[in-house]
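Subject: Structure handover

Hi,

Here is the structure for your files. Please load it before reading on.

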Amino acid sequence: MQNVISVRQLNTYIKNMFTQDYFLQTVFVKGEVSNCKYHPSGHIYFTLKDSASALNCIMFAGDRRGLSFRLTEGQQVIAKGSVSVFERDGRYQLYVKEVTLDGAGALYEKYEQLKRELAEEGMFAPEYKQPIPKYIHTLGVVTADTGAAVRDIIQIAQRRNPYVQIILYPALVQGASAAPSIVNGIRALERQGVDVMIVGRGGGSIEDLWAFNERMVAQAVFDCTVPIISAVGHETDTTIIDYVSDLRAPTPSAAAELAVTAVSDIDQEILNGQERLYRQMDRVLRRKKQQAEQMEMRLKYLSPANRIREKRTYSIQLEERLENRMQTILRDRRHTLALYIERMKAVSPLEKLNSGYSYVEAADGKNIRSVTQVREGDSLRIRVSDGMIDAKVEQVQQGERFTV
């Protein structure tokens with residue numbers, strides 16, 4: 001029983017053996033990610049497996065800073081790290097320091113890196129996006145001259161508007177020479193002066209679409225003065241030029257619909273514009289007519305003829321008022337005169353004469369009011385109501401004096 005050791009001693013011994021093995025201190029292991037778990041502490045626990053075996057892995061939080069993507073189930077990766085034993089559980093595992101994507105995953109990582117770089121350079125910024133013209137005469141297409149993509153673009157564009165001219169630049173869209181070919185196509189159609197350009201191809205794997213993820217293609221799209229619609233792959237495919245282009249279409253067919261306005265839509269817009277024009281003209285005419293009527297009223301009010309008519313009317317009114325006033329004054333004066341006449345009648349000599357009195361005057365016309373004014377033999381004239389009487393004084397007789 002002298003060789004009996006504890007579990008911990010055995011696990012420690014095995015761990016030391018792993019530690020002393022130089023090969024196990026830096027290993028690169030390729031496999032598929034499985035059972036990936038992100039712990040709240042920041043550590044990542046996952047399993048690498050292939051068709052025949054599996055390996056437990058852990059990546060500590062301090063080593064995650066170099067991880068440029070998120071680990072997910074099914075990824076093919078290459079993990080760099082060291083193999084050691086976890087003494088508490090008595091199992092060995094790979095302590096991962098770095099993880100890179102393998103194959104298509106490596107391309108994806110390269111894609112993400114370029115995407116970040118171009119975004120930092122501002123090539124995705126919306127202020128650099130050019131508006132797609134609504135009405136065009138020429139449509140430029142950079143794609144392969146064979147395949148469904150170019151057929152769909154031509155068919156849909158001609159169906160929507162047969163008057164639009166389509167200029168195709170037959171570019172290589174796959175392989176090592178594809179990126180320069182696409183760049184040449186963009187520059188050639190730009191020199192041609194097309195109104196809008198479609199750059200794209202049909203669907204495929206990330207390797208097939210890689211030419212549209214090249215920096216030189218992205219730069220050519222960004223520098224182009226002609227608005228560009230990207231149409232690469234299917235709706236789920238996304239390439240670098242989708243972010244750089246002025247507009248992204250999910251498919252080449254959709255790109256043709258976005259680039260070419262249907263003739264029926266143009267006709268309808270013309271009819272709608274005509275109706276709006278008529279309505280606006282009607283509103284303007286009604287407003288101008290109303291303004292003219294108002295101006296006419298003001299002109300009538302301010303015109304000399306109208307002023308003369310107003311003054312004439314006012315003059316007639318004044319004349320009528322003056323006449324009425326004069327009639328009133330005359331009536332008042334007549335009434336006053338009548339009163340005076342009645343009052344004068346009361347003191348009038350003629351009235352006295354009519355009442356039986358007479359008026360006596362001397363030969364010289366002086367009124368005889370006293371017997372002292374005459375002597376016997378004087379000639380007198382007596383005035384009565386219906387004539388005069390010449391008389392001679394025969395006798396002067398003093399009498400009693402009458403007083404009133």
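My notes on the sheet, the helices and the cysteines follow.

This is a predicted model, in which local features need pLDDT of at least 70 and side-chain atom pairs count only at pLDDT 80 or more, while totals for chains, interfaces and linings use all residues. Residues are numbered from 1 along each chain as its sequence is written, and side-chain values use heavy atoms, without hydrogens and water.

**Sheet**

Five strands form an open sheet in the order S7-S6-S8-S9-S10, with parallel pairing. S7 (165–170) and S10 (247–248) are the edge strands, each pairing on one side only. Strands are DSSP runs of E, at least two residues; helices are runs of H or I, at least four; both are numbered from the N terminus. Two strands pair if DSSP finds at least two bridges between them. S8 (residues 196–201) and S9 (residues 228–232) are joined by five bridges in the parallel sense. Glycine 200 faces alanine 231 of S9.

Threonine 138 belongs to S6 (residues 138–143). Its relative accessible area is 15%, so threonine 138 is buried. (Buried is under 20%, exposed over 50%, partly exposed in between; 1.4 Å probe, protein chains only.) Beyond four places in sequence, threonine 138 contacts Val164, Gln165, Gly193, Val194, Asp195 and Val196. Contact means heavy atoms within 4.5 Å.

**Helices**

H4 (residues 178–192) lies across S6, S7, S8 and S9, at about 150 degrees to S7. Axes are lines fitted to C-alpha atoms, for helices over the stretch in contact; angles run from 0 to 180 degrees between N-to-C directions.

In H7 (residues 252–259), the buried residues are Pro252, Ala254, Ala255, Ala256 and Ala259. They pack against S6, H3 (148–160), S8 and S9.

The axes of H8 (residues 263–302) and H9 (residues 304–347) come within 5 Å and cross at roughly 55 degrees. H8 and H9 are therefore oblique to each other. (Under 35 degrees is roughly parallel, over 145 roughly antiparallel, 65 to 115 roughly perpendicular, the rest oblique.) H8 contributes Lys300, Tyr301 and Leu302 to the contact; H9 contributes Pro304, Asn306, Arg307 and Glu310.

**Cysteines**

How many disulfides are there in the whole structure? The search finds zero. A disulfide needs two cysteine sulfur atoms within 2.5 Å. The sulfur of cysteine 36 is 10 Å from its closest cysteine sulfur, that of cysteine 57, so the two are too far for a bond. Cysteine 36 is buried at 17% relative accessible area. Cysteine 57 is buried too, at 3%.

Best wishes
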